[in-house]
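Take a look at the model below. Start with the overall fold, then turn to the side chains.

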Amino acid sequence: MEEQELAERCRQGDNFARKELYERYAGGCSVRACVMPATAKRHKT
């Protein structure tokens, strides 16, 4: 799954997507720090 899809699914309340993000990024950065830039790009219109 791509980061943008994971972020969208997290916003929709998908716990599987949250788990996937956590497992992917927990070692290097916080999930919020990784997701926020991806979601911010999407909302700039």
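Residues are numbered from 1 along each chain as its sequence is written, and side-chain values use heavy atoms, with hydrogens and water left out.

The protein chain has 3 helices and 0 strands. Along the sequence the pattern reads α-α-α. Helices (H or I, at least four residues) and strands (E, at least two) are DSSP runs, numbered from the N terminus.

Confidence comes next. The score is pLDDT, the predictor's confidence in each residue, from 0 to 100. The protein chain averages 74, and 58% of the residues score at least 70. Where pLDDT is low, the predicted coordinates should not be read in detail.

Now the surface. The accessible surface of the protein chain is about 3500 Å², and 51% of this belongs to carbon and sulfur atoms. Such areas come from the Shrake-Rupley method with a 1.4 Å probe; for residues, only the protein chains shown count as cover. Of the 45 residues in the protein chain, 22% are buried. Buried means under 20% relative accessible area, exposed over 50%, and partly exposed in between (1.4 Å probe, protein chains only).

Which residues make up the largest nonpolar core? There are 5 in all: Leu6, Cys10, Ala17, Leu21 and Tyr25. The elements that give two or more residues to this core are α1 (3-11) and α2 (15-25). Helix α2 gives the most, with 3 residues. A nonpolar core here is a set of buried Ala, Val, Leu, Ile, Met, Phe, Trp, Tyr and Cys residues joined through side-chain atoms within 4.5 Å. In soluble globular proteins, nonpolar side chains tend to be buried together.

Look at α1 on its own. Leu6, Ala7 and Cys10 are buried there. They cover an arc of only 100° around the axis, so they sit on the same side of α1. That arc is taken from the directions from the helix axis to the C-beta atoms. Cysteine 10 touches Ala17, Arg18 and Leu21, not counting residues up to four places away in sequence. Contact means heavy atoms within 4.5 Å. After α1 comes glycine 13, whose phi is positive, near 90°.

Lysine 19 lies in helix α2. With a relative accessible area of 47%, lysine 19 is partly exposed. Its C-alpha atom is separated by 9.7 Å from that of leucine 6, 13 residues apart along the chain.

Last, the charges. The structure holds 5 salt bridges, each a side-chain nitrogen of Lys or Arg within 4 Å of a carboxyl oxygen of Asp or Glu. Side chains of opposite charge can pair when their charged atoms come close. In one, glutamate 8 meets arginine 11, with the closest N and O atoms 2.3 Å apart. These two residues are 3 apart in helix α1, which means a separation of about one helical turn. Glutamate 8 is partly exposed at 24%, and arginine 11 is partly exposed at 40%.

Aspartate 14 pairs with arginine 9, the closest N and O atoms being 2.6 Å apart. A network of salt bridges links Glu5, Arg9 and Asp14. In helix α2, glutamate 20 and arginine 24 lie 4 residues apart, about one turn. Their salt bridge spans 3.4 Å, N to O.

Technical notes:
This is a predicted model: local features need pLDDT of at least 70, side-chain atom pairs count only at pLDDT 80 or more; totals for chains, interfaces and linings use all residues.
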